[in-house]
Amino acid sequence: MTDTTHESRGRLPRTAAVIPAAGSGQRLGPGIPKALRPLGGTPMLVHAVRAMARARAVVLVVVVAPSAEVEAVRSLLDEHPPPSGVDQLVVPGGATRQESVRSGLDVLPEDIEVVLVHDAARPLVPVDTVDAVAAAVRAGAPAVVPALPLTDTVKEVAPPSAVGAPEPVVATPDRSLLRAVQTPQGFERATLVKAHDRLAGVAEAAATDDAGLVERLGVPVVLVLGHEEAFKVTRPLDLVLAEAVLARRRLNDGF
Ligand code: CTP
Ligand code: MG
């Protein structure tokens with residue numbers, strides 16, 4: 001871990017990771033909150049925190065936990081201490097992802113210049129992807145998103161005539177111009193905070209990612225290449241895939 005000493009981090013802009021982990025995981029099915037479900041025997045959240053804490057620039061990880069689980073998450077993170085030079089904070093989240101991210105931004109120390117927002121539900125993002133996003137922000141982009149080309153063709157539909165009826169197709173967007181976006185999304189701290197301040201509570205501005213808010217400010221957002229292992233654990237089948245990826249990593253490098 002030669003790159004993660006306090007000294008080497010000190011030469012980079014002070015960077016914090018905010019990890020929204022306050023969702024329940026409706027699509028995964030009933031059970032404990034999604035971020036606390038085990039993956040290879042360790043809660044998904046711990047994998048996500050580790051991935052962020054290992055990134056070269058990160059000096060602080062803020063976990064936004066389900067409000068009923070704040071103490072449990074604090075103890076969990078105490079059991080899995082970060083590398084030296086990285087601090088951890090746990091705060092309660094809100095009713096939407098956007099509100100949860102906002103709660104994390106609210107506790108950032110003043111000296112933080114760059115913020116990476118990363119879903120707890122993407123526990124297996126490779127550290128190289130995290131470093132690439134942070135590096136692109138350092139190089140001057142105010143907002144950076146990892147993304148991949150789509151493999152499926154996408155159709156735009158109109159609402160069906162009745163619930164359960166077949167949906168009319170209205171368009172087939174050119175797939176070569178579409179990208180599926182991932183996290184961590186990286187931002188100049190001031191830009192991200194401004195976007196959340198301006199758009200908090202504006203229903204029409206509700207976005208499922210942070211870059212979506214920044215776009216609404218008219219600030220340019222750029223994409224870098226994401227990674228297929230940064231996929232989001234959303235449905236039960238994703239857990240099967242995540243277990244398989246983890247098992248392969250453990251075989252390959254004793255991760
Ligand atoms: N999230 C959050 N606060 C919320 C809702 C979501 O912090 N009120 C977080 C989730 O914990 C997750 C990330 O945002 O790490 C991405 O959201 P998603 O994958 O949709 O997770 P859930 O909202 O928990 O899942 P679902 O939509 O299936 O209920
Ligand atoms: Mg959700």
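Contact, in what follows, means heavy atoms within 4.5 Å, and helices (H or I, at least four residues) and strands (E, at least two) are DSSP runs, numbered from the N terminus. This is a predicted model, in which local features need pLDDT of at least 70 and side-chain atom pairs count only at pLDDT 80 or more, while totals for chains, interfaces and linings use all residues. Residues are numbered from 1 along each chain as its sequence is written, chains are lettered from A and ligands numbered from 1 in the order in which they are written, and side-chain values use heavy atoms, with hydrogens and water left out.

Two packed helices are described by the angle between their axes and the distance between the axes. For helix 4 and helix 6, the axes come within 11 Å and cross at roughly 130°, where axes are lines fitted to C-alpha atoms, for helices over the stretch in contact, and angles run from 0 to 180 degrees between N-to-C directions. Helix 4 is therefore oblique to helix 6, given that angles under 35 degrees count as roughly parallel, over 145 as roughly antiparallel, 65 to 115 as roughly perpendicular and the rest as oblique. The crossing of these two helices is left-handed, a term for the case in which the near helix is turned anticlockwise from the far one by less than a right angle, clockwise being right-handed. On the helix 4 side the residues that meet helix 6 are Q98, V101, R102 and L105, and their counterparts in helix 6 are L192, V193, H196, D197 and L199. Sorted by class, this contact has 5 nonpolar, 2 polar and 2 charged residues, where Ala, Val, Leu, Ile, Met, Phe, Trp, Tyr, Cys and Pro count as nonpolar, Asp, Glu, Lys and Arg as charged, and the others, Gly among them, as polar.

Two strands pair if DSSP finds at least two bridges between them; strand 1 and strand 6 are joined by 4 bridges and run parallel, with L116 in strand 6 as the bridge partner of A17. Strand 6 is also joined by 4 bridges to strand 11 (residues 185-188), and here the strands run antiparallel. In that pairing V115 stands opposite F187, and V117 has Q185 as its bridge partner. Strand 11 is joined as well to strand 7 (residues 143-149), by 2 bridges and in an antiparallel arrangement, with V144 opposite G186.

Some single residues complete the tour. P33, in the loop between strand 1 and strand 2 (38-39), is buried at a relative accessible area of 16%, and, not counting residues up to four places away in sequence, P33 touches G23, S24, P66 and E69. L150 is found in the loop between strand 7 and strand 8 (156-157) and counts as partly exposed, at 23% relative accessibility; leaving aside neighbours within four places in sequence, L150 is in contact with R175, L178, R179 and A180. L223, in strand 12 (residues 222-225), is also partly exposed, with 44% relative accessibility, and the C-alpha atoms of L223 and A136 are 9.4 Å apart in space although the two residues are 87 residues apart in sequence. P220, in the loop between helix 7 and strand 12, counts as exposed at 55% relative accessibility, and beyond its neighbours within four places in sequence P220 is in contact with P142 and A143.

Terms used: Buried means under 20% relative accessible area, exposed over 50%, partly exposed in between (1.4 Å probe, protein chains only).
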